[in-house]
Amino acid sequence: IEADAATPPSSGAVRTSDAPLVGREAERTRVAGLLDRAPIGHGSVLLVEGEPGVGKSRLLHEIERAARWRGLDTFGSAAGMQAGKAYGPIAEAFAGLSPLRQEQLGDSLEPLWRAAATPILEGLGKPGDQAAVLGGADERARTHEAITRVISSLCGLAPVLMVIDDLHLADRETIAVLRTLATEVSARPLVLVMAYRHADARDRPAVWDLLIGLDSDPTVERISLAPLTPAQTEAMVKAILGPDTSSDVVDRVQEQSGGVPLLVLEATQGDARKRPGVRSAAYHHMQARIAALNRGTDVLELLSVAIVPLLPEELLDALQVRDEYAAVDELMSRGMVTERSGMLMPAHDLLRQTVRSSLSPARERELHESIAAAIHRHRPEAAEPLAHHYEACGNADRAAPLLQRAAERAAAAHALDDAAV
C-alpha cells in the first residue's frame, strides 16, 4: 500500500484523512496480505486497537483505499454515530452501498430473509415479502440469521471489506452479529475490520468478551497502534511542512505531540515554527488552540457534550442564537468540527475530551439541558439521546418515559439484551 504523497499546505487545515501515513509499514504489509487473499475466497478478521489520536481512522482510510484499488466492495460505519441504537452500525454500513448493489443484493435473497432483514436494513425489501411473526428470542435469532445471510449474499456478488470503527461503542445486537460473522469469515471473500480503543473496550463487558474470544483465535490478526517514534514524527512533520523544516520545529512538535499522529497534525497547523518548545501535557496544544479562538467555544462545548452528532438547526437552537453559522464555518476550516451525513460533531475525541475537562458540573448540566430541548424540538422521536441528556441535567421526570420508550424500541427491534439493561 503506497502512502499518499503530501505537499506543504498553502492554506487551511490538513484533514486527518489527507495527512501523510508514516511509520506504519509493517501494519500496511499485513493488511495488504489479507486484502490479496480475499478475492480467492480466504476471508479474515482484523482487529485494530489504539487510543485516541494514534491513527486508527487514518489507517482505516488507507485500508479502504487499498481495498477499492483491489476491486473489493467497501462499506462500513462508525459505531459512535449510532449512540447504542440496535443494529445501528450495520444499518449505516448497508445504507452506504450503492443503489445498484442494494438492488442486486435484494434479488439474490429469498423473500423470507429479505422480509426479516428489512426492518433493520431499509431499502432491501420488495413488494409481497412477508415473514411470520415469531416474537421473543426466536425473532431475535431470525433477525441475526437474516443479517448474516445478507452479508453472505453480498460476498457472493464481489469480495468485500467491512469496517466497523469505534467498536467499543457498538450496541449488543451489532456485537452479536459480528461474533457470528467472525466465526464464519474464513469461508467467505470477506475482510472484517473492527477498530476500537482498548481502555474503553475493557469498560464494555459485551465488547470485551467478543475481543477476548477473537484474540484467542490464532487466525484473527490484531494490530496495536503505538505513537510514532521521533524519526517517524520527523518524517510526518516534513511531509506536511516541507523537507527543509528545521530540527527545532521538529523537536517542538515532538514535545507537544508525544508522537501521537493527531497531535502532530494539530501542532503543524499552528505556529510551530515560531512558538518556543514547551514540555507539556498531551492536551496543552489543543487547550491553546481553543483559548486562541475568537468565537465558537460555546459551539465546541455543545458538540463535545452531545452524545450524538447534532443537526445544524439543533446546534443553533441550543445556542439560542441565529448568527453562529460563521463560527461553525471557522471551526470547520480550522479542522476542529467535522460534518458527517449533514450532522456536526467535534473533529476527534481528544478535542472532545479537552473541552469537557474544562467544564464545571453546573456548566455541563446547563449544556445537557440546552441539547435536550433542541433535540426535542427537531427529533422528538430520538428517545435514546433525549433520555441521556434529560437524565444528565437532572430532569428525571422527562427522562423516565423516554428511557421506557427506548427500551420498547430496542425490544421491537428484537434487541432483548439492550431492553433488559
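Which residue forms a salt bridge with R58? The partner is E62, and the closest N and O atoms of the pair are 3.5 Å apart. Here a salt bridge is a side-chain nitrogen of Lys or Arg within 4 Å of a carboxyl oxygen of Asp or Glu.

A word on the ground rules: this is a predicted model, in which local features need pLDDT of at least 70 and side-chain atom pairs count only at pLDDT 80 or more, while totals for chains, interfaces and linings use all residues. Residues are numbered from 1 along each chain as its sequence is written, and side-chain values use heavy atoms, with hydrogens and water left out.

The protein has 21 helices and 7 strands, taken as DSSP runs (helices: H or I, at least four residues; strands: E, at least two) and numbered from the N terminus. Of its 421 residues, 50% are buried. Buried means under 20% relative accessible area, exposed over 50%, and partly exposed in between (1.4 Å probe, protein chains only).

Back to the opening pair: R58 and E62 sit 4 residues apart in helix α2 (residues 56–69), about one turn of the helix. R58 is buried at 5% relative accessibility, and E62 is buried at 0%.

The whole structure holds 22 salt bridges, including these:

| Pair | Closest N to O distance |
|---|---|
| R58 and E62 | 3.5 Å |
| D215 and R222 | 2.8 Å |

E145 and R149 share helix α6 (residues 136–157), 4 residues apart. E145 is partly exposed at 33%, and R149 is partly exposed at 33%. Finally, D215 and R222 belong to a network of salt bridges with E49.
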